[in-house]
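Morning, everyone. I'll take one stretch of chain and then the aromatic contacts. Here is the model.

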Amino acid sequence: MNVNQQPPMASPYGQPQPGYSQPSYAPLGGGYPGPYGPYSGPATAYQPGAPQGYSTYASFPSKAVPANPVSDLPSPLELGSARGPPPVSTNQAYSQYAQGDIQNGPPPMDHSMAQPAQRPPVCQPYSHGAMNLSGPHPSYPQQYGVQPSMQQMTNQMSGMQVGSGPLTSAGPGYAPPSYTQAPHPVSGAPSQPPPPSEPAAPQPYYDGPPPSQQPPFPSSAPPPSQPFPSSSPYSGPPLPANPGPLQSLDNSPSHLAPSPAQQTFPNSAPPPVSQALYSGPLPPPDLALSHLPCIPCPVPCRPAPSQPGPPHFHSGPLPNAPCHPLYVPAAGQPPFPLAPCSSLLSLACMEDTQPSRMVSPPCSNPCTTSTRPLVCAFGQPRGPQPGYAGPQYPGQQNYGAVPAPTPAPTQKRLDPDSIPSPIQVIEDDRANKSSEPFTTGVKGQTPPLVTTNFQVKDQGNASPRFVRCTAYNIPCTADMAKQSQVPLAAVIKPLAMLPPDETRPYMVDHGEAGPIRCNRCKAYMCPYMQFIEGGRRFQCGFCSCVTDVPPHYFQHLDHTGKRVDCCDRPELSLGSYEFVATVDYCKNNKLPQPPSFIFFIDVSYNAVKSGMVNIVCQELKTLLDYLPRENPEADSVVRVGFVTYNKVLHFYNVKSSLAQPQMMVVSDVSDMFLPLLDGFLVNVNDSRMVIESLLDQIPEMFADTRETETVFGPVIQAGLEALKAADCAGKLFLFHSSLPIAEAPGKLKNREDKKLVGTDKEKSLFQPQSGFYSNLSKECVAQGCCVDLFLFPNQYVDVATLGVVPVSTGGSVYKYTYFQAEMDRERFLNDLRRDVQKPMGFDAVMRVRTSTGIRATDFFGSFFMSNTTDVELAGLDCDKTVTVEFRHDDKLSEDTGALMQCAVLYTSCSGQRRLRVHNMAVNCCSQLADLYRNCETDTIINFFSKYAYRSLLNTPTKTVRDTLVNQCAQILACYRKNCASPSSAGQLILPECMKLLPVYLNCVLKSDVLQPGADVSVDDRAYLRQLLSCMDVSESHVFFYPRLLPLVKLDGGSLPMAVRNSEERLSKGGVYLLETGLYLFLWVGANAQQELLSNIFGTPTFSQIDPNMTSLPELDNPFSQRLREIIDSFRSQRSRYMKLMVVKQEDKAELIFKHFLCEDKSASGGASYVDFLCHMHKEIRQLLS
């Protein structure tokens, strides 16, 4: 999304979009938000029709209650507020300033809008296991759906296998995936379900007595197929103001009392109990699974058998049976429902392959079945039933004619933090792994997350700052890898910058002999080489070939078989190091010249008018003092040159002996040549006076230009010719403003066509218009000519084509749409300064070698490949990554593991030829559980996104999205099938290290590249696609899941705890900072406290805040100083300068801000986190069936 353009005045992202029609449930005036209410039975019927925007898969139920994710922890994850302190991702209380209207919990119940509870007709059409995936989505809040009849329940149960054996992996009551489950509407308080206008005729019960006939309840509501009024006045009996204590489920101490911190709503009527015809004994105790942890039941529960009082039996339909397992007794006995406790949705806890499960609430498809046969009921309050003494208000309903012993508690809001929280995972990792240094000596250990600040000690494997793997324990066989579908890849950042407290790779110089290598596979000497025969030979760890040790490198071995100088040589003891390359590693066997920088400035009408030309010229006068250099004390040896252009090119002679610069014009752009050799590329210090004179004159010379047309291809050709003439590598800096439509090689036409978006021809928008720039990039790579492109467009410029040369040469593209000097100057100049100063290598070649059994098969990034093994980069800077995918070509051994060595040959900015080597050893496993225990989700998402974005060049977007969802489902289904202990099919079980895979994958699917909004241009999508291709894991993480910080208290050096990316987390009384990796948003609530506004903006009132400010005022108070420090710290961590945007609540710019709240539904049709989790569970169940 382009943050510089005016946002369209469309409906806010939170409002219903086209296709999200109101369902057949009446919204409740108050109560819980939609996703967090009690379940009351399946919907009445399947409703066809897909909402707009859901192209990848069937539509998701709106704000459905999520699945019950099961994690892999050795002990229960205490996410319910009944267990100790609240989760870290919950909003912090705003203690210093008053809260506004928006709160983080559910809205307060409007008692005047509550509705009396009534019961719908008993007999309704019902399809077991059906899920509404294409009908209208229930808005939140919702009312309850109607209940299934006993006929359908007994029909369902009659098809089950009767027995008392252990539960299967599918679980009892598992529905075939060919059916779909109707969404379970949820609500905040019991409300009146509107029955059909004409009740259906009762169906005869199967193998049982007929039900008691009941007169239909009078209702004026329309039939379920029509929308209902939002609310109606409450006219029922008085509701209890002080609910009674929670009923104990059994005598186990694991049943905890609800925490007072959890919100309760005293005015909600008690729900009823599931009913079934039953006259036999209770289920055997061995099925009670009493050893499993439990969390408080927020709904009335039947007393446990140990409690005094007669047993409570049921008569009537089972409202919740389709979504929950049933205990089926021996033949001849009627079934008894094992309705699970409707609890706060909690992560069940799993120790490796022995998951224990917590019960969880129902969701929009059967995601939350529990194997625990707790006797607990939930649903709607009902009218008088035969055999009942009538409802007892206030208090608990009676079963039969026996009064209930204790009053029931009110229903509680489901905790949204019970589904896997990225914030919780990030905070847990920081708490566990930030205190101790991460030592790389242990093979196959998973490093801390990229969001954790940690120190690395190199002890034989490359630092995770250089190499991150998707899995650190890879399958031994190709069949096992194919079965799991976990990608085997490494994200390599060869020249990554290290923190000050870590040592940069040591330099090793073996003199004229050069680095020691294996004779067969040419792997470089590393800690994996095994010395034998007293040190006279060594065996390669990659190919097992034995090579003689050169005499000058010989050293004796100690009693363990290691060389006695092992610890003194970086190549024998460290994972990352550098060799000084000899002349044999140089092009044409000749040592390279220092590189050159050439600046090409567009001086067309648009460029001059925007102020870009003046800003560039003024900045270069000081920036040339900061050209890259090896020694900070010495002068840079990089030479510079200058060219301006529009339809023609102007070359400048800035030789030091000249009093004034000389301009030479080349108008024949069809056959580009260099008009001068001497005086074009010069040393800055020698020609400083002439250069400054030139930079002062350029804005004046072209101030009155009327030339609007530009060329582009000949500009790159000119730079290439200049580097060829100087026989050196280098970088071209292009400052360009418009589509090159002038007659010249590389001329482009405007091909932007929004009608192609969403069609099979959409892929053509990401492909270059012609092969001219692809051929040109090949020539640039051969010469070591890297291109960085700074774009300043006001309209379509075809980034997909203009970016071909920068992407292929290892360069970068920067884009400043609608550039305005006063607003975008700071961002542009910071990007330019960092781009000029950052360490980089030139004329680089990278090769990845692996041990026997695997090989590198695919590469992603900004580079060129002329063969299948060598990655060629005209330039390689400290921000660029190369992602490598591996595949099996033989069986691996658990004993030896797998090895990888990345070697990069490059020319430093001082002109020295070097080899940087990174080594990585991982374990191999024959058990899938070991694979799933050692994966890194952030790296997997980085790989998936790059794979998907590259696929857009040849594959329709819908197919790309489908492929991502399918592979993610296969990964989780394989874990469920092979690693998790048998459990109900209704449970979603996630491996501990992959429990965030669904939320992060949903962020990828909702990104502007794969699912653009109406205001996202084709150029923006092409720009983001190219940008992501060389992102490292830390930048892709914040790019897909931005960081949202509440600015409550900024005391001390620590950051405030982040909150999850959802509008529900925002308080009107607060101020929040959102970091996306490209932008910073400062969101200000409408009711923010005056003191807070004064500390940040220097104004006490909300209306006086200037939304156009791009930097905060420097105020003399600790809060302002600390906030500006945080912003500066965030910017220093990213490769692009993040522009600050102030967003006032309910301002039009808030649409852009909400676009990045990735756990909510997006305006372009992207699913919310909750909805996607349920959809993912449905996909997993289909695969398992």
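Start with residues 515–553. The chain there is 0% helix and 23% strand, and its end C-alpha atoms are 10 Å apart. Helices (H or I, at least four residues) and strands (E, at least two) are DSSP runs, numbered from the N terminus. An unreviewed UniProt entry places "domain: Zinc finger Sec23/Sec24-type" at residues 515–553. Such annotations may be inferred rather than shown by experiment.

Ground rules. This is a predicted model: local features need pLDDT of at least 70, side-chain atom pairs count only at pLDDT 80 or more, and totals for chains, interfaces and linings use all residues. Residues are numbered from 1 along each chain as its sequence is written, and side-chain values use heavy atoms, leaving out hydrogens and water.

Now the rings. The whole structure holds 35 aromatic pairs. Rings of Phe, Tyr and Trp (its six-membered ring) pair if their centres lie within 6.5 Å; planes under 30 degrees apart are stacked, over 60 edge-to-face, the rest tilted.

Phe819 and Phe828 pair edge-to-face, at 6.1 Å centre to centre and 85° between the planes.

Trp1083 and Phe1153 are stacked: 6.2 Å, 20°. Trp1083 is in strand β33 and Phe1153 in helix α21, so the pair ties together parts 70 residues apart in sequence. Trp1083 and Phe1153 are buried too.

Last, a charge over a ring: Arg1043 lies over the face of Phe1130, 3.8 Å from the ring centre. The cut-offs are NZ of Lys or CZ of Arg within 6 Å of the centre and within 35 degrees of the ring normal.

Methods:
Buried means under 20% relative accessible area, exposed over 50%, partly exposed in between (1.4 Å probe, protein chains only).
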